[in-house]
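I opened the notebook to look up ring contacts.

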Amino acid sequence: SPSAQAKEGPFFIAPKVGFIKTTTSLSGDLYLAAEVGYLTPLLKRRLALVLEVNYHRPSMTGTLRGPQMDNLGQPVERPYTLAEREVALQLSAVYRVPRGLGPLTPYVGAGPGLYLHRATVEAFDTTASESRGALGFQVLAGAELPLGPGGAFLEAHYHFAPVDFLTTGDVNVGGVLAAVGYRLRL
């Protein structure tokens, strides 16, 4: 109702937890995030500006063959682990349709992000790390259900997060994710 909307403050915060699967052969991983947002007066209070900080650390393991031979003339094989840690700062414009699906408020958004990467490889009793930041973007869609002084939500994202490391090559370590959370109105 209009009177309920008028009582809501324009600011909100939300913790999120979910699961992300990168577009590479890295494993899926736990996705942790927090957002702060501002519901602008534009488009009848349907446009929000949202800043999100998130973290995940997908990895992969396998076996590498070294250039040396063992004493039986076989190539030396050793296990390896590649872990890619990503912290992202993302700014999104989010269009919301209050009560667009009965009690649910569906929303869609998109925006740029700064993705900070650190890849660490452990192989042949050696550890090597590379770090770099890169610009990328994300698109998202979700739905929020009013609950108490805010709303519980479910959302899906696609992240394009390029990285060009010696250990990973030139790849998109972004991917698709699903997250749940609670958006508290302030």
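My entries on these contacts follow.

I am working on a predicted model, where local features need pLDDT of at least 70, side-chain atom pairs count only at pLDDT 80 or more, and totals for chains, interfaces and linings use all residues. Residues are numbered from 1 along each chain as its sequence is written, and side-chain values use heavy atoms, with hydrogens and water left out.

**Aromatic pairs.** I searched the whole structure and found 2 aromatic pairs. My criterion: rings of Phe, Tyr and Trp (its six-membered ring) pair if their centres lie within 6.5 Å; planes under 30 degrees apart are stacked, over 60 edge-to-face, the rest tilted.

**F11 and Y38.** I logged this pair as tilted, with 5.1 Å centre to centre and 40° between the planes. F11 is in strand 1 (residues 11–22) and Y38 in strand 2 (residues 29–39), 27 residues apart. Strands are DSSP runs (E, at least two residues), numbered from the N terminus. I then checked accessibility. F11 is partly exposed because its relative accessibility is 44%; the class lies between buried (under 20% relative accessible area) and exposed (over 50%), with a 1.4 Å probe and protein chains only. Y38, at 32%, is also partly exposed.

**F137 and F160.** The ring centres are 5.5 Å apart and the planes at 25°, so I logged the pair as stacked. F137 belongs to strand 7 (residues 126–147) and F160 to strand 8 (residues 150–160), so the pair ties together parts 23 residues apart in sequence. F137 has 38% relative accessibility, so I noted it as partly exposed. F160 is partly exposed at 30%.

**Charge over a ring.** I found the charged end of R183 over the ring of F153, 4.0 Å from its centre. The test requires NZ of Lys or CZ of Arg within 6 Å of the ring centre and within 35 degrees of the ring normal.

Key. Helices (H or I, at least four residues) and strands (E, at least two) are DSSP runs, numbered from the N terminus.
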